[in-house]
Amino acid sequence: MEFLGTTQVASYCGRRKNCLLPDLAPTSTTKETYQSYCLPGYRYLNSWRPSLLHKVVLVPEISDKEFNCTGRPPTILPALRSSLHTRYSTRDWHHANMVQLKGSEASRYCASRLNTDSMRLMQNKDQLTFLMQEDSKRNLGERITNIDFWRSELIHELECLVKETQALETVKQRLDSAADALQGPLKEVDVYKDCQEIFTKLAQKINQQLGINRDAQHALEHDLSDKNTASFIDEKCFNLRNTSNSINFYHGVEKADGTVSIPETWAKFTEDNIRCSQHARANSVKLREDAEAKLESTSEEMWNHFVSTNLALNNRIAEVADMKNKLQAQLAKVLQEIFQTEDTIMLLERSIKAKEYPLKVAQTRLEGRTRRPNIELCCDAPQLQLVTEVYTIDDTLQTLKRRLQEAQDTLQMLILDKSNLEHDISVKTNSFFIDKKCMDMRKVFPSTPRLIGFI
């Protein structure tokens, strides 16, 4: 065992000595041998020791064989402390026991009062929680009833608005059909112009009204969807019990106020949506009645121009048929020219291919004559003739290639003309078929429902 404040390897146990120094002189007491050492935070580490220990413990003499080169004396164990000193008296012992008993009795009394108050608190809070839960359930039930009422109102108004919108769209289709029926020959344009302008303006107003109706319908549908969702959520919350499996802790949810309305603004929002829808329906009914009246007034005029329109349509059919025959004749000529141009291109390609071999021969001869030695590398008549031959054949090839390119461009132009003629013939055939079909449909004098757009 070591004394507090020193260790066996600490450098401050004693003055370090060299192993070659002479023997240490014996000391008389431990207090004289060790120097006291104070750790940080401790003023007197040895203040708890009885002063008697510093006087009765002797340091034995150190022989030469037991000399330690570190210069630190061996550790000295103190005598039994209990035989020399006691910390507490009998009075202190009895006093401590009484304090302990009184403290325990006070704690027991406090615990008993706490238990009684806790039981009363739990009963009060259980009753309060039950009442609050019942109030919340009753409020949820009333809220569900209110939502169901406004849902029924929204559904009724939405059905009425959808029916009115469909009726207005039908009138618009009738206007479009009547406007299409007014498309006659040029001599009828002046007669039908006023009617077309009326129908166009009515169609524009109807388009605007349809947009308003769709906006009101969208608002009703969105409000109805929100109320369906809210009804589902409130019914789910209404059916929650303390024994439900889906309940859980959501800490802080009561602090976050995510509401955006109060009951008054909530009801006013739906009332405004319904009022806006009713206003849109009223305007739609008025506009639809005006459109129907205009359709009735223009039906008589279309009866008067029926015969002239049939005559113009027959003339148009004859013109389309004549033009179609001319286009087919022109197409046959273009096809013949395409065939001849393709033959010309094939012959030009063969001619170009045939000129490549003489050019290779002439260029090969020139290349071979470049290897003549010394003075034999002479610009003689064969050399000049070969050079002339190469230039001539190359010029011939370039001419043939240009002509081939021209022929190919001409072929592409003919093919484009052929495609345009075929497309035009197809359009004329389709127009002829449509006009014939329209003429077959107009063999019977049109009825009044058709003239006012019902058919």
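The model is predicted.

**Stop 1: the negative patch**

Select Asp-194, Glu-197, Glu-300 and Glu-301. Together they form a patch of negative charge on the surface. Now colour helix H4 (189-238) and helix H5 (263-304). Each of these helices gives two or more residues to the negative patch.

Stay with Glu-197 for a moment. Its place is in helix H4. Is Glu-197 buried, partly exposed or exposed? Its relative accessible area is 38%, so Glu-197 is partly exposed.

**Stop 2: salt bridges**

How many salt bridges does the structure hold? The total is 19. The next stops visit some of them.

**Stop 3: helix H6**

Go to helix H6, residues 306-369, and select Glu-319 and Arg-316, which both lie there. Show their side chains. They meet in a salt bridge, with 3.5 Å from N to O. The two residues sit three residues apart, about one turn of the helix.

Check how open each partner is. Glu-319 has 49% relative accessibility, so it counts as partly exposed.

**Stop 4: helix H7, Lys-418 and Glu-422**

Move on to helix H7, residues 381-441. Select Lys-418 and Glu-422, four residues apart in this helix, about one turn. Their side chains form a salt bridge, 2.9 Å from N to O.

Lys-418 has a relative accessibility of 24% and counts as partly exposed. That value falls in this class because buried means under 20%. Glu-422 is partly exposed too, with a relative accessible area of 35%.

**Stop 5: helix H7, Asp-424 and Lys-428**

Remain in helix H7 and select Asp-424 and Lys-428. Which residue does Asp-424 pair with in a salt bridge? The partner is Lys-428, and the closest N and O atoms are 2.6 Å apart. Asp-424 and Lys-428 are four residues apart, about one turn of helix H7. With 26% relative accessibility, Asp-424 counts as partly exposed.

**Stop 6: a network**

For the last stop, select Asp-135, Arg-138 and Glu-142. Show the side chains of this group. What links Asp-135, Arg-138 and Glu-142? They are joined in a network of salt bridges.

Terms used: Residues are numbered from 1 along each chain as its sequence is written. This is a predicted model: local features need pLDDT of at least 70, side-chain atom pairs count only at pLDDT 80 or more; totals for chains, interfaces and linings use all residues. Side-chain values use heavy atoms; hydrogens and water are left out. Patches are made of residues with over 30% relative accessible area and no salt bridge: like charges are joined within 9 Å, nonpolar side chains (Val, Leu, Ile, Met, Phe, Trp, Tyr) within 5 Å. Accessible areas come from the Shrake-Rupley method with a 1.4 Å probe; for residues, only the protein chains shown count as cover. A salt bridge is a side-chain nitrogen of Lys or Arg within 4 Å of a carboxyl oxygen of Asp or Glu. Lys and Arg count as positive and Asp and Glu as negative; His and the chain ends are not counted. The place of a charge is taken as NZ of Lys, CZ of Arg, CG of Asp or CD of Glu. Buried means under 20% relative accessible area, exposed over 50%, partly exposed in between (1.4 Å probe, protein chains only).
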